[in-house]
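Look at the structure first, then read on.

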Amino acid sequence: MKIFNSAQIRELDKYTIEHEPISSVDLMERAARALTHAISGKWNNGTPVVVFAGPGNNGGDALAVARMLADKDYRVTVYLFNTNGHLSEECAVNKQRIIDSRKIKQFYEVVQQFDPPKLEANMLVIDGLFGTGLNKPLAGGFASLVKYINQSPAKVASIDIPSGLMTEDNTMNVLANIIRADLTLTLGQKKLAFMFAENQQFVGELRVLDIRLSPEYIATTPAQYAIIEENEIRARLRPRHPFAHKGTMGKALIVAGSYGMTGAAVLSTRACLRSGTGKVTVHVPKRSVDIMQTTVPEAVLHIDHEETAFSEPVDTEDFDAVAIGPGLGQTENTAIAMIAQVRRTQCPLVMDADALNMLAKHRAWMQQLPKALVMTPHPLEFDRLNGSPCNDSYERLSKARDMAEHLQAYIILKGHHSALCLPDGQVYFNSSGNAGMATAGSGDVLTGIITGLLARGYSQADACLMGMYLHGLAGDLAARELGEESLIASDIIRYLPQAFSRIQD
């Protein structure tokens with residue numbers, strides 16, 4: 001699913017109107033029917049409804065919804081804000097339709113003073129003040145109205161996007177002046193702002209409504225951002241040859257673990273094995289040997305000379321993919337060995353966890369990184385790599401995208417919607433996963449999965465996309481049976497076979 005920016009959203013509406021063809025007010029009517037169906041499915045007509053409509057097309061949508069709810073015997077009160085004396089053409093048409101219908105007895109057009117209604121806990125507020133065209137923070141009377149709505153006990157359903165939230169970049173927005181919706185009914189596609197954790201407080205429950213916008217425009221218009229979905233993962237899956245043997249299914253090396261952190265090596269190694277790799281070798285310090293041989297008997301061990309830490313690079317000539325970082329520790333000797341390992345690795349390489357933290361402490365080493373490197377930082381790890389903290393997720397994603405282009409690397413910003421930044425500037429968000437996966441070791445599992453897929457022969461792009469999705473899908477399958485609260489990283493590995501089976505089917 002593509003994520004269009006605000007300008008493309010306007011063009012998509014325009015293209016649909018011109019090429020379906022359909023009038024703009026009839027397209028609004030189609031959207032209002034979908035919105036009304038969603039609202040009436042969640043709140044029955046015993047719920048008093050208060051509609052706040054702005055002067056633009058978002059307000060026009062809200063007016064049309066108000067009329068349709070009134071037709072279903074909802075008790076609806078409507079406030080249309082026309083403080084500048086100008087309504088969009090479609091909003092004006094829907095204003096007249098409300099007047100002509102006579103089913104809404106309480107319709108108020110606000111041109112100057114506004115005395116807000118009392119909003120009770122049993123009421124539903126429909127937010128149709130501002131849509132995706134907003135390009136600056138709300139101020140003045142509209143900001144006061146938003147604060148009033150947010151402070152009330154009423155439930156709030158926002159049309160397309162919560163009023164005050166901008167479609168992409170909210171770095172300079174005034175957060176107090178954004179509607180905090182319980183339900184956001186967005187039209188056509190998700191908006192970029194919905195993908196960021198800090199905006200969840202405004203979006204609430206999100207539903208995407210299909211209003212039959214032009215499939216031709218959607219298919220042919222490039223978008224910098226997209227959401228990867230299961231059918232796209234299924235199309236990338238490589239079948240196992242009937243005559244395959246371990247020598248043809250890839251050989252992976254994982255450099256991980258230090259004294260007290262061997263669990264990270266165990267998790268990444270198990271995940272790599274469960275990803276279909278023919279043979280996995282793990283390089284660990286001497287004190288980790290007994291744990292590794294007991295917990296992962298399928299792995300081949302390569303043992304460091306040091307008792308407790310990684311201290312020497314490994315020859316990678318016989319490997320198809322290498323991962324370095326999980327639980328590695330951050331001593332200076334380990335850091336020197338880490339960058340030596342990176343420099344001598346000729347096959348696809350994944351850097352995670354402590355490898356990234358050590359790189360952040362020696363940022364000059366970033367010039368020595370190989371092209372097509374895969375990096376999997378969580379937000380704090382990325383901020384360390386970047387050299388300074390980011391103000392919000394949009395800024396962090398923008399800097400990660402720039403870094404991926406500069407280094408010609410594949411950077412996965414981990415989170416609820418993990419984002420893969422490609423060397424060409426394209427960004428893919430993951431659509432699988434759940435909050436139960438916010439647990440220690442989950443990232444180590446992702447590293448193992450991606451490394452296993454690289455060893456199997458997948459390209460860096462495909463390995464990252466499939467790795468993100470399978471990791472999240474396994475977590476979803478585990479949560480379905482175990483619940484989110486008790487999920488641990490090894491559960492994700494346990495459900496990987498089911499995740500592979502699902503996309504194969």
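Two strands count as paired if DSSP finds at least two bridges between them. This model is predicted. By that rule, β6 and strand β7 (residues 183-187) pair in the parallel sense, over three bridges. Ser-158 stands opposite Thr-184 in β7.

Strand β6 spans residues 155-159. Four of its five residues are buried, so the strand is mostly covered; buried here means under 20% relative accessible area.

Strand β5 (residues 124-128) runs parallel to β6, and four bridges join the two. Val-125 has Val-156 as its bridge partner in β6. From β5 the chain passes through helix α5 (residues 140-151) to β6. This β-α-β crossover is right-handed.

| Strand pair | Bridges | Facing residues |
|---|---|---|
| β5 and β6 | four bridges | Val-125 and Val-156 |
| β6 and β7 | three bridges | Ser-158 and Thr-184 |
| β10 and β13 | four bridges | Ile-254 and Ala-323 |

Now to an open sheet of 11 strands with mixed pairing. Its order is β1-β9-β18-β17-β16-β15-β14-β13-β10-β11-β12. β1 (2-3) and β12 (300-303) stand at the edges. Each has a single partner strand, so one side of each is left without a neighbour in the sheet.

Within the order, strand β10 (residues 251-255) runs parallel to strand β13 (residues 321-324). Helices pack on this sheet too. Helix α9 (residues 262-274) touches β10 and β11 (279-284), and its direction makes about 170 degrees with that of β11. Helix α12 (residues 354-361) touches β13, β14 (349-351) and β15 (374-375). The direction of α12 makes about 75 degrees with that of β14.

Note on methods. Residues numbered from 1 in each chain as written. Predicted model: local features only at pLDDT ≥ 70, side-chain atom pairs only at ≥ 80, totals over all residues. Heavy atoms only, no water. Buried < 20%, exposed > 50% of the residue type's maximum accessible area, 1.4 Å probe, protein only. Right-handed = clockwise from strand over helix to strand, strands pointing away. Contact = heavy atoms within 4.5 Å. Axes fitted to C-alpha atoms, helices over the stretch in contact; angles between N-to-C directions.
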